[in-house]
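Visitor: Could you take me through this structure? I would like to begin with the sheet and then move on to other parts.
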Amino acid sequence: MSKVIHMNLRVDPTQYIPQIRDIPGYDYLHLVRQPKYVVNLPLLNKKVHYYSEIFSPKKYVEKHNVSLIHAHHGQLGLLLQPFKEETNLPLVTSFRGRDATLANQPVGYVDGMNRLFEQGERFFPVCQHLAHRINLWGCPADKIRVLYGGVDLNLFPYRSPNLQGTQNIFSIGRLVEKKGHHILMQAFEKIKAKFPKATLTIIGGGELEGYIHSLATQLNLGTSFRLLNRVPKSQIPELMGQADIFCAPSLTASNGDIEGIPNTIKEAMATGIPVLSTNHAGIPEIITNDQDGILVRENDVDHLAQALEFMLLNRNKWENYAVSARQKVEKNFDQNKQLLLQANYYDELLGGL
Amino acid sequence: MADFKSIKVTKGIKTLEIDNPTGYHLIGMGAQGAVFKLSEDRCVKIYTSPLQAKMEREALKAGQHLSFFPRLYEYGDNYNVIDYFNAPTLKEYLRNCTYIPESIAMKLLDILGEMKKAKFTMVDAPLRHIFVLENEELKLIDHVNAFKRIHPVPLKLLRDLNMMLLKESFLSRVKKLEPKTYEMWQAYFNENKMDYRNIPVDPGGDGEGVKVDSAISQTLIGAGHQGAVYRVSENKCVKIYPKTQHCEQEKDVLLSHQDLSFIPKVYETGNNYVVMEYLSGPDLNTFLKKQSALPPVVSKLLLKILTSQKQAGFKQIDAPLRHVFVTNNGFKMVDHVYSYSRIQKRPLELFQNLHERGFLDAFLEQVKVLDPATHAEWTKKPIPLTDEEAQLEIINIEGKTDSKRKKGKDQGKDRDKGRDHKKGHNRDRDRSQKREHGGKRDNGDKKNRNRSKEHGRENDRKKRSDRIK
C-alpha cells in the first residue's frame, strides 16, 4: 500500500481528518508543523509526526517508504517545497478558502505560490471558484483537479423538512467576518415583527464573539436569539436536527478572505433542512437558486431578509428543496465518493511517474 | 530638551540603571547599553563600558561604506549617535511566512558577502537585528562583536530561521543562488559535528559549566540549569551535564527504571552525558494551553506516572507539566536529577502548574474518582500554590544534592524554548523587538564569554543558550 505524508494545520477533529486517514488504498503519515499543533489526544497515534522534528528528510522518507506528499493548505505546500526538493517526492497541495486570497497572507505569498505552481505536481482546490482563482494566479490548468470536500452521510441522515410550524433559523460557523453572521442578525431583526415565533441560533466561537453579543443587544433580539459557542463537532448533527431553516450568509471579508463551500451547508442539505445562502465563492456550485434552496446577494441585509420571509411563507417549497439538495450532496459531496476520487487522483499521479 | 549626554547608564544588579533627565525616549535596552530616540531618524546608544562603545564605533566606522549599515553621526567615549530605523525587524517581517521570499534570500546573502569582504569575523546576524525598510531595504544593527566573535557561517541567522521553520527554505535558495557558499556552510557543519563523548567538563561550581562551541548550536534542543540537550539522530538526543554529580544522579534514576513506561530509554552513558530517546511531541503545558477543559485521560496518565514513581521508590513525587511529553508512545517524563535526592510526597509543582492553567480543581476531582486514597493523602493539608510555600515541604537529602530547587531552570522548560521561539528567553527577545536597536547583546562564543566573565556579567551569562550550565 502506498503511503502519503499529509500535512495539515492541527491534529484536530475539525481539520478534515478523513481526507488524511481514510483514503481507500493509501496509508498515511499525519504531519503537523510543530508538536504544539496537537490539540486532540484521541487523534494522536503513531502516525502523527512533526515537521520540525524530522532530522533528515531523506532518511525519514526511506524509513517510512513514502510515495507522495499532500499539503492540505497552500501555505503548507510552500513550507514543504524544500522537503520535496530534497526527497524528490511528488507534491499535491489543496487550496481552501483563504489560501487563494491575499487575506492576511505573509509577504511574498503570490510569488511563493507561483514557484509552487511550477514545482508542485497537482493542486486540489475545494471548488471550481478557487480553481479559477489559482488558474488566474498562474497555476497550469492541467495540474488542477477540483476536489470537493465530502460529508459523512451516515452522520447526517435525511429527514423530511419540519412542517410543524416552528420557525427556527440556524447558522453554524466560526465567528469571523466572512461567515456573515452579522448580516443574518440584521436581516432577522427586519422580519422578527412579522414572525414573532421565529428564533435565530448561531453556533460557533471566534474573534467576533463580543461583537455578535453587542449586536444582538443593539438589535434588541432578546430571547429570540441565542449564540452557542464551544459546541463539539460531534454534537452538530443533533443540533442540526432542531433547525427548520439553515442559513449561511457568507461574504467576502474586508481583507479579501473568502469561503470555499462551507461544510455546514453540505451537512444541512444532507439532513434535509432547507438552506438559504449567498452567491459567494463556491456556494453556487452546490446550491442552484430556487432548486436546492435559495441564494441571495452577499452582504445584502434587505435581500437576505426578503429571502428569509419568502422561505418562512413558502413551506410548501421546502420538501422539493430538501430532496433536491440531498440528491446534490449524494452526487457530489458524499465523503465516501470524494475520498475515492482523492485516491483516484493519487493513482493518476503516481501511475504516471 | 536637555543634552542626551546628561543621561547616565550604569550597571545595576540585574539590569541596567538609567538616569534620564532628558525627554528622549528609551527605545531599547540590552546588556551593553541603552538606546534613546533623538529624532525621527537618529538615536543614541549609550554604553556602560567605553570599551564596548569603542568596539562598536570601530565596527561602524569600518562599515560606513556598506549600504546596510546605520550611519554614524557623532560619538563620544560612551555613546554613538546612529540612524534610527522605524521599521519592522526581519523576524516581524517574515511572520507567518512558510518560505523565504527570493528577494530576501538574495539580500541576506549580499549582506553576508559584504561583511566577509569587509573582513568582519562575525559574518552573522540574528533576525531581530535586521530591519526591513519600506522598499525592502535591509539594515543591520548591533556590531559590537563584529571583529571579536568568529562566525564564518551565519549560525544565529540559521538558528533563528529554523525556529520559524524557514531554514530549509533559505538553504534551498542559497544552494541555487550561491552554490559555493552553500558548500562552505555544509563543510563547516560537517567539521563541527557534535562529539558528545569528548566535551570537556568545567568543574567550576559557580554555574559556569560546560562550554560548547556555538558551531554545534544548530542541534541544541535546550539548555538549562542541570544540562543541555542536543539532538544527535532521528530518535536520539544527548543530555550533557556540567556537573558529573548531576549526571550520576540522573543516570542512576534512568537506568534503574528503564522498565517504567514514562522513563525515556537510555542508549549510552558517559561521565557527563546520557544518550537517550528523543521525545517527539508537545510538552503537557503546551498541550493544555489549547484545551478548554482538562481531558480525563490526562489526569489518568499523570496519576499513573505519580503512582509509578511512588511504587518505584522515588523520593520526589512530582510531574511538572513542562517535563511531561505527550508522545505517540504515551506520556514520558524528563528531568530526574533529584528523584532520589529530594523528599517530596505530593506533586507540588504539578499542582502549581495545573493551577496556572485553571485545571487544578478538575484534576483533583478526577483523581478523587480514580484513586480516592491518593486524593485524600494529597488534600489532607492545604495545597501550597506559591514557590515559597512549596519549598517548605521539600527536603533535600544531605550529600545528595548541591543546590536548592530552582524552578524554570530545567531541561523540560528549556527544551521547549528551543522548539518554540515564543517561549522562554526567546520570548523575552520577542518582547524586546524595539530593544534590539539598543544593541542587546547576542550571546555566543567562548571568547566573548571569557570577556563577559571578566566584566562580571553573571546575569547575561545565564541567558546564553549555546552553553551548558
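Guide: A definition comes first: two strands pair if DSSP finds at least two bridges between them. Please note also that this is a predicted model.

Visitor: What is the order of the strands in the open sheet of chain A?
Guide: The 6 strands of this open sheet follow the order β9-β8-β7-β10-β11-β12 in chain A, with parallel pairing. Its edge strands are β9 (225-228) and β12 (293-296) of chain A, each of which pairs on one side only. From one strand to the next, the twist averages 20 degrees.

Visitor: How many bridges join β7 to β8 in chain A?
Guide: There are 5 bridges between β7 (residues 168-172) and β8 (residues 199-203) of chain A. In one of these strands, β8(A), A:Thr201 is the bridge partner of A:Phe170.

Visitor: Which strands does helix α10 of chain A lie across?
Guide: Helix α10 (residues 301-313) of chain A lies across β7, β10 (245-248), β11 (275-278) and β12 of chain A, and runs at about 165 degrees to β12(A).

Visitor: Changing topic, how many residues does each chain give to the contact?
Guide: Chain A gives 31 residues and chain B gives 29. On the side of chain A that touches chain B, α3(A) gives the most, with 7 residues. By class, that side has 15 nonpolar, 8 polar and 8 charged residues.

Visitor: And B:His323, where is it? Buried or exposed?
Guide: B:His323 is in the loop between α9 (296-311) and β15 (324-327) of chain B. B:His323 counts as buried because it has 25 C-beta neighbours inside 10 Å, the cut-off for buried being 20 or more.

Technical notes: Residues numbered from 1 in each chain as written. Chains lettered and ligands numbered in written order. Predicted model: local features only at pLDDT ≥ 70, side-chain atom pairs only at ≥ 80, totals over all residues. Helix = DSSP H or I, 4+ residues; strand = E, 2+ residues; numbered from the N terminus. Buried ≥ 20, exposed ≤ 12 C-beta atoms within 10 Å, placed from the backbone. Contact = placed C-beta atoms within 7 Å. Nonpolar A, V, L, I, M, F, W, Y, C, P; charged D, E, K, R; others polar. Axes fitted to C-alpha atoms, helices over the stretch in contact; angles between N-to-C directions.
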